[in-house]
Amino acid sequence: MIEVSQIVELKDEFKTPRCKKGLCFRTGRDYSKYKVIAVKRVNCIAFNLGTLVTTTLRIANLKK
């Protein structure tokens, strides 16, 4: 079960090109990690730790 403030990552087949980039050497931010803000029934709202943007992700597409 996914909880609020948990750090999650997308499964490999659902990663975007930005997520595949991984760790940025200039800023030290990780583009492939998300911090969960809110959990809904099927989706969760997450904050990307690399781009600093909130997105909606499907819970089925996440690594736990």
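**Entry 1. A turn residue and the model itself**

I began with leucine 52, which lies in the loop between strand 3 and strand 4. Helices and strands are taken here as DSSP runs, numbered from the N terminus, with at least four residues (H or I) for a helix and at least two (E) for a strand. I noted that this is a predicted model, in which local features need pLDDT of at least 70 and side-chain atom pairs count only at pLDDT 80 or more, while totals for chains, interfaces and linings use all residues. Residues are numbered from 1 along each chain as its sequence is written, and side-chain values use heavy atoms, with hydrogens and water left out.

Leucine 52 is not a glycine, yet its phi is positive, at about 60°. I record leucine 52 as partly exposed because its relative accessible area is 42%. The classes are buried for under 20% relative accessible area, exposed for over 50%, and partly exposed in between, with a 1.4 Å probe and protein chains only.

I then looked up serine 5, another residue other than glycine with a positive phi, in this case near 70°. Serine 5 belongs to the segment before strand 1. With 47% relative accessibility, serine 5 counts as partly exposed.

Two strands are said to pair if DSSP finds at least two bridges between them.

Strand 2 (residues 33–39) and strand 3 run antiparallel and are joined by 5 bridges. They form a hairpin with 3 residues between them. I found asparagine 48 of strand 3 to be the bridge partner of tyrosine 34.

On its other pairing, strand 3 is joined to strand 4 (residues 54–58) by 5 bridges, again antiparallel. This hairpin has 5 residues between its strands, and leucine 52 sits in the turn. In strand 4, threonine 56 stands opposite isoleucine 45, and threonine 54 stands opposite phenylalanine 47.

Which residues of strand 3 make up its covered face, and which the uncovered one? In strand 3 (residues 43–48), Cys44, Ala46 and Asn48 form the covered face, whereas Asn43, Ile45 and Phe47 form the uncovered one. In a regular strand, side chains alternate between the two faces of the sheet.

**Entry 2. Salt bridges**

How many salt bridges does a search of the whole structure find? The search finds 4. A salt bridge is counted when a side-chain nitrogen of Lys or Arg lies within 4 Å of a carboxyl oxygen of Asp or Glu.

Lysine 15 counts as buried because its relative accessibility is 17%, whereas aspartate 12, at 48%, counts as partly exposed.

Aspartate 12 has a further salt bridge to lysine 63, at 3.7 Å from N to O. This pair links distant parts of the chain, 51 residues apart: aspartate 12 is in the loop between strand 1 (7–10) and helix 1, and lysine 63 is in strand 5 (residues 62–63). Lysine 63 is partly exposed, with a relative accessible area of 34%.

Arg18, Lys21, Arg26 and Arg29 form a positive surface patch. Patch residues have over 30% relative accessible area and no salt bridge, and like charges are joined within 9 Å, or nonpolar side chains (Val, Leu, Ile, Met, Phe, Trp, Tyr) within 5 Å.

Arginine 18 is placed in helix 1 (residues 17–21). Its relative accessibility is 44%, so arginine 18 counts as partly exposed.

Finally, I looked up serine 32, in the loop between helix 1 and strand 2. Is serine 32 buried or exposed? Serine 32 counts as buried, at 7% relative accessibility.

Conventions
Accessible areas come from the Shrake-Rupley method with a 1.4 Å probe; for residues, only the protein chains shown count as cover. Lys and Arg count as positive and Asp and Glu as negative; His and the chain ends are not counted. The place of a charge is taken as NZ of Lys, CZ of Arg, CG of Asp or CD of Glu.
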